Amino acid sequence: MTSNPYIWNYIPLALQILAAIGLAAGMVLASVFIGKHKNSRTKGGVYECGMDPVGDARGRFSVRFYMVAMLFILFDVEAVFMMPWAIIYRKLYHITGQRLFGFWEMVVYLGFVAVGLFYIVRKGVLDWSADKADL
């Protein structure tokens, strides 16, 4: 019984990669040959969210914009911390030897997040009606 060289195990992967590249190239070439290409002033113009560009592109943003961006990162990180905790929650007793350690650990973490959320609500960061700097 002869065995095939190990590299032959990668033939299906190579065929799939070639098929994907071929399909992508085929679609681009079909678009070039079949599609209508009419350049006009409107088509070549700047498009920004459906609004005509007016003024300087280097406009200033309100600090509130950056605060909301940081809040997004904060709550994104919160989800990143909570997912592994939720997955191993039932195993934490065997890992730590304490029955409610994982529960109280997450209560403290969520307490910090809740204090931060309370702070930004009290500061009015999420009250967009009061901010006229971006208009």
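Me: Is Phe103 buried, exposed or partly exposed in this model?
Reply: Phe103 is partly exposed, with a relative accessible area of 34%. Keep in mind that the model is predicted.

Me: And what about Trp104?
Reply: Trp104 is partly exposed too, and its relative accessible area is 48%.

Me: How many aromatic pairs does the structure hold?
Reply: It holds four aromatic pairs. One of them joins Tyr6 and Tyr10. Their ring centres are 5.9 Å apart and their planes meet at 80°.

Me: Why is the Tyr6 and Tyr10 pair edge-to-face?
Reply: Because the planes are at 80°, and planes over 60 degrees apart count as edge-to-face.

Me: What angle do Phe103 and Trp104 have between the planes?
Reply: The angle is 75°, and that pair is edge-to-face. Centre to centre, Phe103 and Trp104 are 5.0 Å apart.

Me: Back to Tyr6. Where is its place?
Reply: Tyr6 is in the segment before α1, and that helix covers 11-34.

Me: Why does Tyr6 count as exposed?
Reply: Because its relative accessibility is 59%, and exposed means over 50%. Tyr10 has 41%, so Tyr10 counts as partly exposed.

Me: Which residues make the nonpolar surface patch?
Reply: Tyr6 and Tyr10 are among them, along with Ile7, Trp8, Ile11 and Leu13. Leu15, Ile17, Leu18 and Ile21 belong to it as well. The patch is about 1,100 Å².

Me: New topic. What lies over the face of Tyr93?
Reply: Arg99 does. It sits at 4.3 Å from the ring centre of Tyr93.

Technical notes:
Residues numbered from 1 in each chain as written. Predicted model: local features only at pLDDT ≥ 70, side-chain atom pairs only at ≥ 80, totals over all residues. Heavy atoms only, no water. Phe/Tyr/Trp six-rings, centres within 6.5 Å; stacked < 30°, edge-to-face > 60°. Buried < 20%, exposed > 50% of the residue type's maximum accessible area, 1.4 Å probe, protein only. Lys NZ or Arg CZ within 6 Å of the ring centre and 35° of its normal. Patch = residues over 30% accessible without salt bridge, like charges linked within 9 Å, V, L, I, M, F, W, Y side chains within 5 Å. Areas by Shrake-Rupley, 256 points an atom, 1.4 Å probe, with all protein chains shown as cover. Salt bridge = Lys/Arg side-chain N within 4 Å of Asp/Glu carboxyl O. Helix = DSSP H or I, 4+ residues; strand = E, 2+ residues; numbered from the N terminus.
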